[in-house]
Amino acid sequence: MSSFNTISQDLIDVWLRSDEMTNPESLYAGIINRLTIKMALSVVTTVADDPYDWRFRRVKDFGFKSSLLNRMKQQFPDAALRDLDRRFIDDAIVAAYLRALEVKRPAIDLVRTKLLGVRIGYERLILPQKCDGKPGWCISLIEGRFFISPMQEAKTDITDDNIIQLLIEGQSTKEIAEFLHLSPRTIEHRIDRLKDRFEAKNLVHLVAKLVATQVGRREKEST
């Protein structure tokens with residue numbers, strides 16, 4: 001299975017051999033079937049002077065299934081950028097694409113932003129049309145890193161906080177009980193209450209939500 005870096009380099013190699021008459025389809029034809037389920041590819045038409053008049057078009061979407069991802073796709077159709085989520089467009093699209101159009105060179109960056117209230121992170125290659133004048137389009141190859149939905153903070157006490165930390169570290173119920181000098185039954189009851197508070201379907205879902213909460217807290221602390 002090809003990595004994001006490998007596919008990006010292959011795409012750049014094809015771009016280096018291209019010219020102004022080369023269309024986007026010719027560039028990505030050789031890599032489109034190599035994309036993993038975590039990768040997506042799109043084309044943004046950049047002919048218009050006003051970036052909000054640029055048009056976004058999906059070529060290949062993520063292959064994995066996610067209710068969060070489905071909701072984002074429904075709210076982010078093929079359209080002019082002005083018709084899409086303005087905060088996301090301003091934060092993650094316009095400035096980066098303007099730089100790529102100005103330097104007329106491939107650009108790889110790591111994006112951390114929000115879309116429809118969901119924290120997302122992805123690695124991105126922007127590949128502008130190779131030409132002497134202003135590029136008329138850009139190819140965007142991305143690999144998703146995380147998609148985290150917003151959650152209400154659940155109130156916890158010091159014992160719960162210890163359990164949460166140990167769960168995130170991968171400790172079992174028995175190991176947590178021994179570490180905290182409590183009975184396994186007490187830890188199980190605590191975990192069941194945490195599932196209810198965080199609206200988790202099972203232990204795996206709970207740990208995922210706990211990790212997401214920790215990510216959200218760190219982001220708030222760093223701003």
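**Exercise 1. Charges over rings**

Task: In this predicted model, find which ring R86 lies over and how far R86 is from the ring centre.

Solution. Step 1: R86 lies over the face of Y52. Step 2: The distance from the ring centre is 4.0 Å. Step 3: A charge sits over a ring when CZ of Arg or NZ of Lys is within 6 Å of the ring centre and within 35 degrees of the ring normal. Step 4: K130 also has its charged end over a ring, that of W15, at 5.5 Å from the centre.

**Exercise 2. Aromatic pairs**

Task: State how many aromatic pairs there are, and classify the pair of F56 and F76 as stacked, tilted or edge-to-face.

Solution. Step 1: The count is two aromatic pairs. Step 2: For F56 and F76, the centres are 5.1 Å apart and the planes are at 70 degrees. Step 3: Ring centres within 6.5 Å make a pair, and planes over 60 degrees apart count as edge-to-face, so F56 and F76 form an edge-to-face pair. Step 4: F56 belongs to strand β2 (residues 55–60), while F76 is in the loop between α3 (67–74) and β3 (79–80), so this pair ties together parts 20 residues apart in sequence.

Task: Classify the pair of F76 and F88, and locate both residues.

Solution. Step 1: The ring centres of F76 and F88 are 5.5 Å apart, with the planes at 85 degrees, so this pair is edge-to-face. Step 2: F76 is in the loop between α3 and β3, whereas F88 is in helix α4 (residues 86–103). Step 3: The pair links distant parts of the chain, twelve residues apart. Step 4: F56, F76 and F88 form one aromatic cluster.

**Exercise 3. Helix packing**

Task: Describe how helix α5 packs against helix α6.

Solution. Step 1: α5 (residues 158–168) and α6 (residues 173–180) pack at an angle of about 135 degrees, and their axes are 10 Å apart. Step 2: The two helices are therefore oblique to each other. Step 3: The crossing of α5 past α6 is right-handed. Step 4: On the α5 side the residues are T159, N162, I163, L166 and L167, and they meet I176, F179 and L180 in α6.

Task: Work out the orientation of α5 relative to helix α7.

Solution. Step 1: The axes of α5 and α7 (residues 184–197) come within 11 Å and cross at roughly 85 degrees. Step 2: Angles of 65 to 115 degrees count as roughly perpendicular, so α5 is roughly perpendicular to α7. Step 3: In α5, T159, D160, I163, I164 and L167 meet I187, R190, I191, L194 and R197 in α7.

Key
Residues numbered from 1 in each chain as written. Predicted model: local features only at pLDDT ≥ 70, side-chain atom pairs only at ≥ 80, totals over all residues. Heavy atoms only, no water. Phe/Tyr/Trp six-rings, centres within 6.5 Å; stacked < 30°, edge-to-face > 60°. Helix = DSSP H or I, 4+ residues; strand = E, 2+ residues; numbered from the N terminus. Axes fitted to C-alpha atoms, helices over the stretch in contact; angles between N-to-C directions. Parallel < 35°, antiparallel > 145°, perpendicular 65-115°, else oblique. Left-handed = near helix turned anticlockwise from the far one by under 90°. Contact = heavy atoms within 4.5 Å.
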